[in-house]
Amino acid sequence: MQYINPIEILGLSNVTDTTSIDNDTIKKAKRKLFADIDLSDNGFFEYYGLQLTKSDCEKVIDELTNNNLKEFYFYLTTNKKLNEFLVNGNDDLFTNFKQDSIFKLPDFVKFISPYFAPKFDIAFLNAFESEDIELTKAILKTSFLISQSEINIAYKSVTNSIQNKISEIAEIKSDIKNEESIYDENDIDEVVDLVVEYFPSEILNCLPSYFQSQILKIANEINYLNVVIWDNFDTTQVCNDLLEHVLTLNIGGLDKPT
């Protein structure tokens with residue numbers, strides 16, 4: 001889904017309130033918009049780097065017949081960082097993010113969530129993979145703008161990234177167990193560096209409870225790797241170092257003693 005603010009494309013962002021955006025005003029602004037599109041060199045309306053057709057514009061302009069949506073779009077013209085984030089994911093939104101009373105309205109959250117969640121997903125992945133702890137925390141503080149129905153979309157890329165790394169560690173474990181490993185006595189200690197690189201505890205410990213089961217999978221997989229290294233190599237240091245790293249992860253309840 002592509003977010004487009006109809007009040008913006010109609011050139012009505014400077015109005016003082018939604019009562020000024022009546023049917024006659026919308027029709028007049030729409031005629032001007034379509035005339036500009038017809039006179040443009042490429043037949044599109046340029047919008048934050050997007051090229052909108054008349055059909056794109058008309059579809060979203062029609063939403064202004066709904067007074068609630070009109071109010072939401074009008075608010076978003078005043079919150080420029082959030083408005084732009086919904087369009088193109090510009091993460092300036094997360095710098096000095098401010099709460100607004102409209103965020104407490106379930107209907108508003110329901111309205112923006114389908115647009116917000118996919119952009120959140122990309123921003124979250126980039127911050128997580130670059131291990132930018134402050135930005136990751138700032139992004140996660142805005143997760144209340146995501147409806148429960150979109151939460152899997154918002155966390156999808158980070159979930160997949162973690163799972164891919166768990167799978168790679170599982171493959172290394174399997175290779176060692178089956179005596180097919182590329183590692184030998186001389187370089188098995190490199191596995192520790194790989195595990196620490198794949199699962200940096202500081203950034204993982206920033207993740208919300210949604211990821212708790214996956215963090216437990218990480219811990220278990222490292223533990224299983226530890227066992228096969230113990231069984232197949234003459235080293236205790238590697239096993240000790242892996243165990244020490246596991247214990248830096250936020251593992252709760254009955255799982256930590258294990």
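Setting aside neighbours within four places in sequence, Phe108 is in contact (heavy atoms within 4.5 Å) with Phe72, Tyr75, Leu76, Leu82, Ile102 and Phe103. The model is a predicted one, where local features need pLDDT of at least 70, side-chain atom pairs count only at pLDDT 80 or more, and totals for chains, interfaces and linings use all residues. Residues are numbered from 1 along each chain as its sequence is written, and side-chain values use heavy atoms, with hydrogens and water left out.

Phe108 also belongs to the largest nonpolar core, which has 87 residues; Phe108, Leu225 and Ile229 touch the most other members. Such a core is a set of buried Ala, Val, Leu, Ile, Met, Phe, Trp, Tyr and Cys residues joined through side-chain atoms within 4.5 Å. Buried means under 20% relative accessible area, with a 1.4 Å probe and protein chains only. Helix α6 gives the most to this core, with 13 residues.

Here are the helices of this tour (DSSP runs of H or I, at least four residues, numbered from the N terminus):

| Helix | Residues |
|---|---|
| α6 | 106-129 |
| α12 | 212-232 |
| α13 | 237-246 |

Helices α12 and α13 pack at about 170°, their axes 9 Å apart. Axes are lines fitted to C-alpha atoms over the stretch in contact, and angles run from 0 to 180 degrees between N-to-C directions. That makes the two helices roughly antiparallel (over 145 degrees). Residues of α12 including Leu225 and Ile229 meet residues of α13, among them Leu242 and His245.

His245 lies in α13 and counts as buried, at 10% relative accessibility. Beyond its neighbours within four places in sequence, His245 is in contact with Val195, Val196, Phe199, Ser201 and Ile222.

Terms used
Buried < 20%, exposed > 50% of the residue type's maximum accessible area, 1.4 Å probe, protein only. Parallel < 35°, antiparallel > 145°, perpendicular 65-115°, else oblique.
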